[in-house]
Amino acid sequence: MTETGTSRRGFLRGAGVASAGIVGSLAASAAPAEAAGTASAPGARGRQKKRGYHWLAGDHHLHTLYSNDAMFRVDDQARRALAGGLDWIVLTDHGNAPYRDHGLDRAHADVTAAQRAHGDDLLVFWGLEWNIPGGEHTTLMLAPGADDREVMRRLVSQYDATVVGARDGTPENEALAGEALRFLADAVRRRRVRDALVLPNHPARKGIDSPHELRDWQDAAPGIVIGFEGSPGHQAAGLPAPGMARGRGLYDGGAGTWSHPGYPEESYRTWGGFDWMTATVGGVWDSLLAEGRRWWITTTSDGHQGCGDWVKNPVDPLDQTGYDTIPYNEAGDTFASTGQYPPPVNAGRPVTEYSALPPGHYNKTWVGAEDRSYTGVMEAMRAGRMWVCFGDLVAGLDVQVRRRGRAHAGVTLGGTLSVRRGSEVEVVVTIDLADQVNAAGLLPELARVDLILGAVTGPVPDRDTIVAPDTRVVQSWDTTGRSGTIELVYRFTADRASYVRLRGTDGKRSQVGYLGADVDPAGPAIDVLGAADPWEDLWFYTNPVFVEVTDRG
């Protein structure tokens, strides 16, 4: 094992950062949505290729005023994303009857206009937060195409659980989910849409996405269902009062009627802001990887609003129940009759009670695309060339897995390296450390990087399996005090099929992992309800690289 690096950096604390973590310098973006600028943040455009890929930052889970609990116009979200340093976004309004009847066509028109307006500066995907039958929410992401509107209309009309009354986790509803996914796969195959991806959102929040459903969904539409939201949005929800004072990610409930009985109480909380399925080394995510599944993770803002913005929804749907019937003007119009809310208004102050942070300010999913295009981003996501980051903890990341001595034959995230049994494999991690303050006015410092190694043992006999016993943290590097670019190297003998993945942290909150110190001696800590400052608990996670072992010479 080798590692390199140089001198220490300290935090640069902006004078305006509140001790409670309330967004800090986010308040500097004080203009209402109507006056938001269109200039992108440094580095959002013109990114240089690295090892043949454009590494593009994005967010596949954003809402607009066509959702029954959100407020921004489509172009507001596009301009906010550019200001947050993003290269691509997906607008994912909720599936429901008002959206089907009123919002869908308007949303499609607005997304099409935003695509024309922003061109290559920002790729604006149209999508849906689809209520999958028998499960929770999922991102549906579509590449622009001639028939995408009609495919979306049929999906919402026939397969959205809220519209057709298929939320309960019955065998019939689970079968309907498979039918819906096969419909999407057929739409891609018949070229009705150029491409489609599905990723379950906040999968452990309610416990109703059971392990067998995750497996069933991918088996029903391989290449369409590619993974899940490993870390949810709504990260500001855990800030203490005057913040929302709930759970990060709005993970503050418990098991319900249709929750999977094998999920423990701890699964209904985030761990270092990550979903329990992802944060647990040797847990649900690893159980999928150990089968050899190409199951990838992302992170999103789940942007319904913006904690620290100076704008608010004029009817404040988050303070109400029965969103679809709230009167919002003197004529007595409702969301149910129009499929949209009015645009946000100037609150006259930074709004600290909202749960989501502005797009790009905290959650970023980095995608290695061969070209800067809609299909290029989606093909990269399908390939697993992705890593996720909180609060710009690091500025750049490269992972190469290769046979020792084969410096020019490496495989990166999502890829598979094939080697002869007994070969020595090396994992080379190159990290560009943060050299400028993030959206909270803080200069992040990477304190530790962990390498996780797991065995690929094949399909499981029990499709509700949630553990991977042969996965554990095998190496940790102390990176405190380093600056510039560092390189970390780990070597192992490839005696069986395996995978490697990495995570890094600012080191401020850790505890023994859920499955014990032998598996994970210092993982993310379970988040405390109403007292979780996301800016003081930063992590990055990578997707895995697989190592295939052969006995051929």
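Which backbone oxygen lies 2.7 Å from a polar atom of the side chain of Ser 259? It is the backbone oxygen of Lys 206, and point 4 returns to this pair.

1. **Basis of the model.** This is a predicted model, in which local features need pLDDT of at least 70, side-chain atom pairs count only at pLDDT 80 or more, and totals for chains, interfaces and linings use all residues. Residues are numbered from 1 along each chain as its sequence is written, and side-chain values use heavy atoms, with hydrogens and water left out.

2. **Confidence.** The pLDDT, which is the predictor's confidence in each residue on a scale from 0 to 100, has a mean of 91 over the chain, and 91% of the residues reach 70 or more. Over residues 1–44, however, pLDDT stays under 50, and for this stretch the model has 121 contacts (heavy atoms within 4.5 Å) beyond four places in sequence.

3. Strand S7 covers 227–231 and helix H7 covers 276–279; helices (H or I, at least four residues) and strands (E, at least two) are DSSP runs, numbered from the N terminus. In the loop between them lies Pro 242, which is joined to Ala 241 by a cis peptide bond with omega of about 15°. His 234 has its place in this loop and shows a positive phi, near 55°, although it is a residue other than glycine. Ala 245, also in the loop between S7 and H7, is not a glycine either, and its phi is positive at about 60°. His 234 is buried, with a relative accessible area of 5%, whereas Ala 245 is partly exposed, at 37% (buried means under 20% relative accessible area, exposed over 50%, and partly exposed in between, with a 1.4 Å probe and protein chains only).

4. **Ser 259.** This residue is found in the loop between S7 and H7 and is buried, with a relative accessible area of 12%. A polar atom of its side chain lies 2.7 Å from the backbone oxygen of Lys 206, and the backbone nitrogen of Gly 256 lies 2.8 Å from a polar atom of the side chain of Ser 259. Leaving aside neighbours within four places in sequence, Ser 259 is in contact with Lys 206, Gly 207, Ile 208 and Tyr 268.

5. **Helix H10 and its end.** In H10, which runs over residues 374–383, the buried residues include Tyr 374, Val 377, Met 378 and Met 381. An α-helix has 3.6 residues a turn, so residues three or four places apart point the same way. Gly 384 follows H10 and has a positive phi, near 85°.

Definitions and conventions. A polar contact is a pair of N or O atoms within 3.5 Å; within protein, one must be able to donate a hydrogen and the other to accept it, and residues adjacent in sequence count only if both atoms are side-chain atoms.
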